[in-house]
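Hi there,

Here is the structure I promised to pass on. My notes follow below it.

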Amino acid sequence: MSPAPETEMEKKVVPTRDVEIEKGEVESLKLDGKDIDQAAAFLANAEQYPPLTPEAEKKLKRKIDRYMIPMLFLTATLGAVDKVAQSTAAIYGLRSDTHLVGQQYSWLGSILSLGALVGMFPSSYLLHRLPSAKYLCGCSMFWSAMTFMLAACKSWSALMAVRFLMGAAEAIIVPGISLLIAGWYKKSEQPPRNAIVFAAASSVINGFLSWAVGHIPDSAPLAIWQYLFIMVGSISMAWSIFVFFAMPDSPMNAWFLTPEEKYHAVQRLAENQTGIVNKQWKWDQVREAMVDIKTWIIFFFNIAINIPNGGLTTFSGILISNLGFTSVQSSLLSMPTGVMSTLASFIFSTIAARWINRRCLTCIFACLIPIMGTAIVYGLPRDNIPGQMVGLYFLYTYFGPYVVGISLAQANTAGHTKKTVSYAVLYIGYAVGNLIGPQTFRASQAPAYTGGTVAMLVCYCVCIALMAGYWCVCRIHNRRKEAAAIGSVGLSQGEFAEGFSDLTDWEQPSFRYIS
């Protein structure tokens, strides 16, 4: 890109590292309008401000965190509460009241993922075309309504239908929130935010609500599990309506930021080289996402890491109650599972953010803890209740490597359409894993569920191998890009243009992959 004349450069400019873009000159990027990320147009037409100091940037990040993180966290958490409530409902009579037999209860866990598989791609396209936060919150209202309807179900077929629709709506949680986080934070800032937003607090909230409904007297007109679904649905619906109006789609339309803060919040993300928003659907980026080996490595990683998740989410309450605890005790003892998941995700995400370019290695180390938990559960006799509970709680640290895996996809995927499609593929992996997971827990193997335990152990080992493969792929790609860049000069201006040009990571010569 040719530099502007010196006399022109004295006009108002947008400084970012060594880059200056003249106000109002979007065409200087030499790109067709559909190729320009909305952030580029915003910066080129915004009033210009002095560079952001490190202290001011920290203050801006704290302000964004104060508003965005609680909204994203509660939206993701309440969506998860809707799903895990089934496990608690099972110990309060759901299976007997709806006459479930054999593997029918397992299929209630799997059908959620089947709904997600059906709803994922239509939902991803709508997420790309519509305001992302509004669409996410609209889906949240729908799955909240489905939670209400679960309380009215009297048969397996009715439960299956409602759970299928719930899965179709909830399919957008992870892709939608991942897209929003990538549009608000730098690559180095994303892992700890992922850990907070996707924290498994749902088990803590569900455990508390389950304990509360456990004190409803037997003389009440409805069954206890019905009150549980009504309570969860009411809270989730109220929050969804509020956040529909409160959550902004990007820094450019954030109601809580001043014009200067919006300008800096957008401008500082140029170094990500992944863009913020572009509503043009690009089939060439769809094809690139589908042939990118990194997409498929994380896809299979998501399957492997979520087979344990699917089983544990569906059977956690049953596993604890099978150790001899009452329904109310089981509800309380399920709360630490969420604490363990949250601690694991936060600790390993923080390590991934601070241990530069070692996210794959962090993920591999994180997989060792649930392997240890699986070995404890499998190896100790079932009458060793303290040991079994310790092993069970260690199992829930699987959430750490899962969240680090999400951050790899966020950091290493550029181009808005490619990001949307890649996140959709990754969520399909999540759904497939959760579809398979409950089926590894065979009713005929209760209470030990040997098949589920062995499946978890195998899956964690597969995750380690896949992360090692992902690291190798990223290193190879980076070496090729570095070799091609030898002798190139003046890349700073081009890097800025690439960052907001809606080009993919393959199309940007200066893009480097986080490994």
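Is Gly 338 buried or exposed? Gly 338 is buried, with a relative accessible area of 0%; buried means under 20% relative accessible area and exposed over 50%, with partly exposed in between (1.4 Å probe, protein chains only).

A word on the basis: this is a predicted model, where local features need pLDDT of at least 70, side-chain atom pairs count only at pLDDT 80 or more, and totals for chains, interfaces and linings use all residues. Residues are numbered from 1 along each chain as its sequence is written, and side-chain values use heavy atoms, leaving out hydrogens and water.

Gly 338 belongs to helix 16 (residues 335–354); helices are DSSP runs of H or I with at least four residues, numbered from the N terminus. Tyr 396 is 58 residues from Gly 338 in sequence, yet their C-alpha atoms are 7.5 Å apart in space.

Seven of the eight residues of helix 9 (residues 190–197) are buried, so helix 9 is largely enclosed by the rest of the structure. Among them are Arg 193 and Asn 194.

Ser 422, in helix 20 (residues 416–436), is buried too, at 3% relative accessibility. Leaving aside residues up to four places away in sequence, Ser 422 touches Ala 289, Thr 295 and Thr 413 (contact means heavy atoms within 4.5 Å).

By contrast, Lys 58 in helix 3 (residues 54–91) counts as exposed, at 51% relative accessibility.

Best wishes

How values were computed. Helices (H or I, at least four residues) and strands (E, at least two) are DSSP runs, numbered from the N terminus.
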